[in-house]
Amino acid sequence: MNLYIHTDLEGVAGMVHFERRDDDTLRNWDTRKRMFRLLTGEVNAAIEGALEAGVDGQILVNDAHGSGYSIIFEEMNPAARIIHGPLTRQPFWTPKLDDSFDVMFCVAQHAMAGTSGVLAHSCWCVNDELWFGEGGMAMALAGYYDIPAVLITGDDTVCAQCRELVPEMEAAVVKEALSPYNAVSMTPPEAQRTIREAARRGVERIDEIPPFKIEGPYSIGLVGGPGQVPSSPVEGDDFREVVYEILVRGYDYELQQQEPWPMMPGRDGVFLTKGQRRAMEGEEGKAD
Ligand SMILES: [Zn+2]
C-alpha cells in the first residue's frame, strides 16, 4: 500500500500566526523554526500511525506550505521520502500524485477562506455550488485517481469542513479556533498521539472511506469565501487539468489577503472587520 501525505503548516497545534518569511529578526526565525519542528513531529506521527496499520509500500510526503521547505527532513521518519523545494517551481501542487498511490493523508491543514478557522485562507469554488479549502482540493485531486483521503488534521473548523465532504474520514483535531489568530492547542505529545491514532484508524478503515470525487464538467475558480462565485472561472472536462490551469495562472493574492473571519480585535473591546479598521485608522491618519 502506497501513501501520499499532503502537508501544510497552518494547521499545526501551536501555530496561530501566519508565517512571515520576509522577517529576518531572530525572534521571527526562532518562531518559524519551532513551527517547522512541530510540523515535522506531526508528520512523523502520521507516518508512525500508517506504519502501525501496516502500510508497507512507498510513503511520500509533500512539503506544500509556503516556501516548500518547512519540514526538517533530516528528522523525518526514514520510512518516508519527501518532495520539497520552491512551490513556484513545482510541476504541480501535488507532484507525483497518481494512481500508483492507494491512500492519502492531509496533515496540518487550515480552514477555507471566509470561515471561522485559525489562519483560514484559500477557497475553491466548483460549479458555483461547492466550496472547499486546500485540504478539500488535495482530497479532490486524490479522488481524481480514485484514492481515498482517510485523514485530516488541523483545527476543529478544517476537520469539520473536510468531513462535510467525506463524513467517513478520520479527523485529528489538534486545536480549537477561538479567532483567526487564537486557539486552544494540544501540547505536541498529545497532538502527535491524536494524529498517530487517527492515521492508524484511517488506514485500517480504508474500505469504508470513499474517495472524494466531483462530477464534471467543471467550472472552477478561487474566491474569498463560501457562497461567492469566481468572476473568471476556468472550465473543462478534466478536473486535474482545470486545476492545473488555475495554478499556472497563479493564485489571486488579493483574495488570499482577505481577512479570514469577519472579525478582528479592535480597540475598547470592539471587534471590527479589517476594512472597518483600516477606514478608522485612515481617518485618524494612522498606518499599520
Ligand atoms: Zn500554508
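Which residues does Ile220 touch, not counting residues up to four places away in sequence? I started my notebook there. Ile220 touches Trp124, Cys125, Val126, Pro230, Pro233, Val234, Phe239, Val242, Val243 and Ile246. I keep in mind that this is a predicted model.

**Entry: around Ile220**

I looked up the strand pairing next. Val126 stands opposite Ile220 in β10. Strand β5 (residues 123-126) and strand β10 (residues 218-223) run antiparallel and are joined by four bridges. Both strands belong to an open sheet of four, ordered β6-β5-β10-β11, with antiparallel pairing. I noted β6 (130-132) and β11 (234-236) as the edge strands, each pairing on one side only. From one strand to the next, the twist averages 20 degrees.

I then checked what covers these strands. Helix α5 (residues 239-249) lies across β5, β10 and β11. I read its angle to β10 as about 35 degrees.

**Entry: nonpolar cores**

I asked which residues have the most contacts inside the largest nonpolar core. They are Val61, Met104, Phe105, Phe132, Met139, Ile220 and Phe239, in a core of 82 residues. Helix α1 gives the most to this core, with nine residues. I also found a second, separate core of five residues, which includes Met112, Ala113, Cys123 and Val223.

**Entry: the seven-stranded sheet**

I traced the other sheet strand by strand. Its seven strands form an open sheet with mixed pairing, in the order β3-β2-β1-β4-β7-β8-β9. At the edges stand β3 (81-83) and β9 (182-185); each has a single partner strand, so one side of each is left without a neighbour in the sheet. Direction ignored, neighbouring strands of this sheet are turned by 20 degrees against each other on average.

I picked one pair to follow in detail. Strand β4 (residues 103-109) pairs with strand β7 (residues 149-155) in the parallel sense, over four bridges. Gln109 has Gly154 in β7 as its bridge partner.

Which helices lie on these strands? Helix α2 (residues 134-144) packs on the sheet and touches β1, β4 and β7. Its direction makes about 170 degrees with that of β4. Helix α1 (residues 26-52) lies across β1 (3-7), β2 (59-63), β4, β7 and β8 (170-179). I read about 155 degrees between α1 and β4.

**Entry: the zinc site**

I asked which residues coordinate the zinc ion. Asp8 (OD), Glu10 (OE) and His65 (ND1) do, at 2.0 to 2.2 Å. In sequence, I wrote the donor spacing down as D-x1-E-x54-H. Glu10 sits in the loop between β1 and α1, and His65 in the loop between β2 and β3. This pair is 55 residues apart and links distant parts of the chain.

Are these two buried or exposed? Buried means under 20% relative accessible area. Glu10 is at 4% relative accessibility, so Glu10 counts as buried. His65 has a relative accessible area of 6%, so His65 is buried too.

**Entry: whole chain**

The chain has seven helices and 13 strands. Of its 288 residues, 52% count as buried. Its accessible surface comes to about 13,500 Å², and carbon and sulfur atoms hold 49% of that. Among contacts between residues at least 6 apart in sequence, 68% join residues at least 24 apart.

Key: Residues numbered from 1 in each chain as written. Predicted model: local features only at pLDDT ≥ 70, side-chain atom pairs only at ≥ 80, totals over all residues. Heavy atoms only, no water. Helix = DSSP H or I, 4+ residues; strand = E, 2+ residues; numbered from the N terminus. Buried < 20%, exposed > 50% of the residue type's maximum accessible area, 1.4 Å probe, protein only. Contact = heavy atoms within 4.5 Å. Areas by Shrake-Rupley, 256 points an atom, 1.4 Å probe, with all protein chains shown as cover. Pairing = 2+ DSSP bridges. Axes fitted to C-alpha atoms, helices over the stretch in contact; angles between N-to-C directions. Donors = N, O, S within 2.8 Å, 3.2 Å for Na, K, Ca; no water. Core = buried A, V, L, I, M, F, W, Y, C linked by side-chain atoms within 4.5 Å.
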